[in-house]
Each structure stands twice: as C-alpha cells, then as structure tokens.
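Here is a short report on aromatic pairs and salt bridges. Keep the structure open as you read.

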Amino acid sequence: IAVFTGLIASIIFGLLVIRLRRPVAHLIRNRSLSQRLKQPSLQESLRIFSGLWYWPIVLMVLVSAINLIGIGEDNQKALRCALFTTVLLIGTVFLSTVLQHLFRSRKAETIKHSSAYKERFLSLLHALLRIVIAIAFIDILGRIWGVSLLDFAQSSTVGRAISNALSSIGLIFLVTWLLWVVLDTAIQEALKPPVSKRGARQPSTRVKTILPLLRNAIKIILVVICAITTMANLGINVAPLLAGAGVVGLAIGFGSQQLVQDVITGLFIIIEDTLSIGDWVVLDSGHAGTVEGLTIRTLRLRDGKGFVHSVPFGQIKAVTNQSRQFAFAFFSVQFTYDTDVEKAIELIRETGDSIREDPFLKYNLQGPLDVFGVDKMDLNGVVLTAQFRTVSGGQYAVSRAFNQRLKKLVDNSPSVHFAQTYPQQVLLPQRQGELVQETPPESSPVVLPQPSRT
C-alpha cells in the first residue's frame, strides 16, 4: 500500500509540474524593463533557466518511482547513476542552449555588414561544437553507468580499428564540409546583386547561367569523392567498383554519342557566352524566342506566340543573338521624284527629334538619328535611309513610332509625297507587227517596313 501510494503521489506531482511549467517560467523571467536593460546577461540566463527548470524535477520524480518499485543495493546504485545522469543531461542542455544563444542572437545589422565567409564559418564552428558536446555527453554517460568508450577504443583491437575508422571518416567529412562551405559561399556571393555600393556591377547573365550548373557539378563531385574515401576507410575495396564504373561509363559513352555531343556543345556555348537566359535568339533550325532555361543538354525557348521549344545543343549550328549590347532601328522610305528631297530629309530629322524628346521612347535610344540621305533611285522614286542606335530590343518600339509620326508629317506637307509602286508594263501581241501596251491597274501605296521579332 505504501509503494502504491508513493507511485500515485509521484505521478500526480510530475503531472502538476508539467502543467505549471509555463506559468512558473513566466514568473522566473518576469522582471522590470529597467532591470532587463541594465542586466541583459542575467535576463538571458533567466530566460534559458525558465525553459529548463522542470526537467530536473520530472527526472527526479521518475527516479523516485523506479526506486519505489525495487529494493536493494543495486537499486541504490541505479538511483545514484540516475541522479548523475539527470545532472549531466541538464548541464548539457544548458550548455547547448548557451552556445546557440551566443551564435544566433547577434544583431541583424551586424550580420548584414559582416562577411559571408565569416557567417558560414561561424555556423560551421557552432555545428562542430555541438558535435563535440554530444560526444562528450555520450562518453561521460557511459562512465556513469560503468562503460567507457574511450577505454574500449584504446584497450581492444576492435575498438582501435573502429576508432581509427571513425576518426578518418570524421576528418574526411570535415574537409569535404569545409571545401563545400568555401566554394558554395564564393558562388553565392558571385550571384548576389550588390545592395549597398552604388554603381556596382551587377552579375551578368553569363554568370547567372554558368554558376548554378557549376555549383551542382561541385556538389556531385564532392559527394562522390567523400563516398569513395569513406568506403575505402571502412575496408571496402573500391578498385573493382571504380573499374566497373569506368567500363559502364565507357559503354554508356559509346551508346549515347548524341547525348555526349549535346553536353559538350552546350558546355562550349555557355563558356563562350553565345547566349544567356533572357536573350532573344534565332537558331538556324528555324526556332526563335526568348531563352528561358538552359540544362546540361537542351535549350528552352519561348517564342512570340507563347509556345515553349526544347532544342538539343547538338542541333544548334548557328545562333543569331538579338539581345546583346545594342541594335539598330533602320528606316528605308521611298518618295516620288517631284518630292523636295531637302524637305523630306528635314521631316525625317524632325521625326527623329520628336522621338528623342518622347519621355518613354528616349530611354530606348543610344544616340541621335543618323540620316544617310539618298540611298538609291529606281523606277518608283527616291529612297532615303536613316537609322537609330537603340538598346537591345528597343528598336521595335522606335520603328513603329517613327513610321507613325513620319506618316503624319508627310500628310501635312504639300511638297513631300510617298512613292507609289507601279507594276511593270507588259507588251501583248495583238496583230502581226503591232504591239499593244496594257494599261496598268490602279497604283497602290508603298507599305513601310515593319520590323518584327518573328
């Protein structure tokens, strides 16, 4: 009856402690604002203790319940071990929480202005310290219960072999981790756009295209090397595995020559910066569109109708990239022979000046209008040419606006007329020795060229 009553009392007390853990934690860390500001370290210690205060009590309740069930010296020893385990567990949790606070509670402004490499290495150091704390906890816990992992690793042959293998594997993982942190941080910094520096150079589309592929390749290489060296340290003979992988790779290479050609061609296209994501390109295969994605084997284009085309790199022989640096909006306008050429050139220049003063179109221009004058003369009239140097992709809007404004100016000018195209005269035989000229049909006006992406 006494044992049963004690068990019931222990269980009720444990449930009461768990039920009141949050109100008691609030009472522990509840202090005035002035005290919290004057003593931040004490406040942080109280905050950590408020989250751990009930664990010793719950464990003591559990140990007392176990002690009530059993009787004898072995149970007394188990009680002492359980008490030491409780203290060790609370100390380990407290130390881990303090470390987490030291590494994670830094100010956001400090982290923002800190080096990315420093932040990554601090995270790595935090992870290593937590691993060391966990290993120390396991070793001390084993000593409390009469088992020493360190003595086992030093005294027996099996223990030495296991400890040497685990040490080598841990060193391999650490070196691989360090390499990945350095390389991944460098790639992330190269891809990150500058925020604080004015006029800093933005990462190019070539960098945005190559670096993600390079990052995935580095990850695969590091994982493969780490796996091979780990198996070698575990005593596995990796020579047959490597030889078999080489034979399989050779067979796959012979069986998929087109795939290898696509990969190599795509690699050189990306390295030579022939095209990048966001460029408008025209391929020799007839496909044209905006580059939406690049894989290790294919190029993905979205055309002017919204359709997506996936083209293997091996099928690309020539690429016309219309999105590099600048473009030209070229104009070829035909006037009649009775047109005042000087007046026509003046109207063309006036149209160019109006486009340069337009608040929306002027950002597409990279220079003034170049008027070349009379380019040629034919049966239909005089051809005048001019061009604007524009940003890449801006030539289409400039061309449409130029045609519209020049049409309005010419309509209001009595001395300037667009030429009309007449069909060539056709001589039809009617009687022997006589030719009759066919009357040409009504003329049609010249349609100015309209540039188009497609």
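Start with Phe331, which is buried at 3% relative accessibility. Buried means under 20% relative accessible area, exposed means over 50%, and partly exposed lies in between (1.4 Å probe, protein chains only). The model is predicted: local features need pLDDT of at least 70, side-chain atom pairs count only at pLDDT 80 or more, and totals for chains, interfaces and linings use all residues. Residues are numbered from 1 along each chain as its sequence is written, and side-chain values use heavy atoms, leaving out hydrogens and water.

**Aromatic pairs**

The whole structure holds 4 aromatic pairs. Rings of Phe, Tyr and Trp (its six-membered ring) pair if their centres lie within 6.5 Å; planes under 30 degrees apart are stacked, over 60 edge-to-face, and the rest tilted. Phe331 and Phe402 are stacked, because their ring centres are 3.8 Å apart and their planes meet at 20 degrees. Phe331 sits in strand 6 (residues 326–335) and Phe402 in helix 15 (residues 395–411), so the pair ties together parts 71 residues apart in sequence. Helices (H or I, at least four residues) and strands (E, at least two) are DSSP runs, numbered from the N terminus. Phe402 is buried too, with a relative accessible area of 1%.

Now take Phe335 and Phe418. Their ring centres are 5.6 Å apart and their planes are at 15 degrees, so this pair is stacked. Phe335 lies in strand 6, and Phe418 in the loop between helix 15 and strand 9 (420–421), so parts 83 residues apart in sequence are tied together. Phe335 is buried, at 2% relative accessible area.

**Salt bridges**

A search of the whole structure finds 7 salt bridges. Each is a side-chain nitrogen of Lys or Arg within 4 Å of a carboxyl oxygen of Asp or Glu. Some are listed here.

| Salt bridge | Closest N and O atoms |
|---|---|
| Glu292 and Arg302 | 2.5 Å apart |
| Arg405 and Asp358 | 2.8 Å apart |
| Asp411 and Lys407 | 2.6 Å apart |

Where do Arg405 and Asp358 lie? Arg405 is in helix 15 and Asp358 in the loop between helix 14 and strand 7 (370–378), so the pair ties together parts 47 residues apart in sequence. Arg405 is partly exposed, at 25% relative accessible area, whereas Asp358 is buried, at 16%.

Asp411 and Lys407 both lie in helix 15, 4 residues apart, about one turn of the helix. Lys407 is partly exposed at 40% relative accessibility.

Elsewhere, salt bridges link Arg120, Asp184 and Arg215 in a network.
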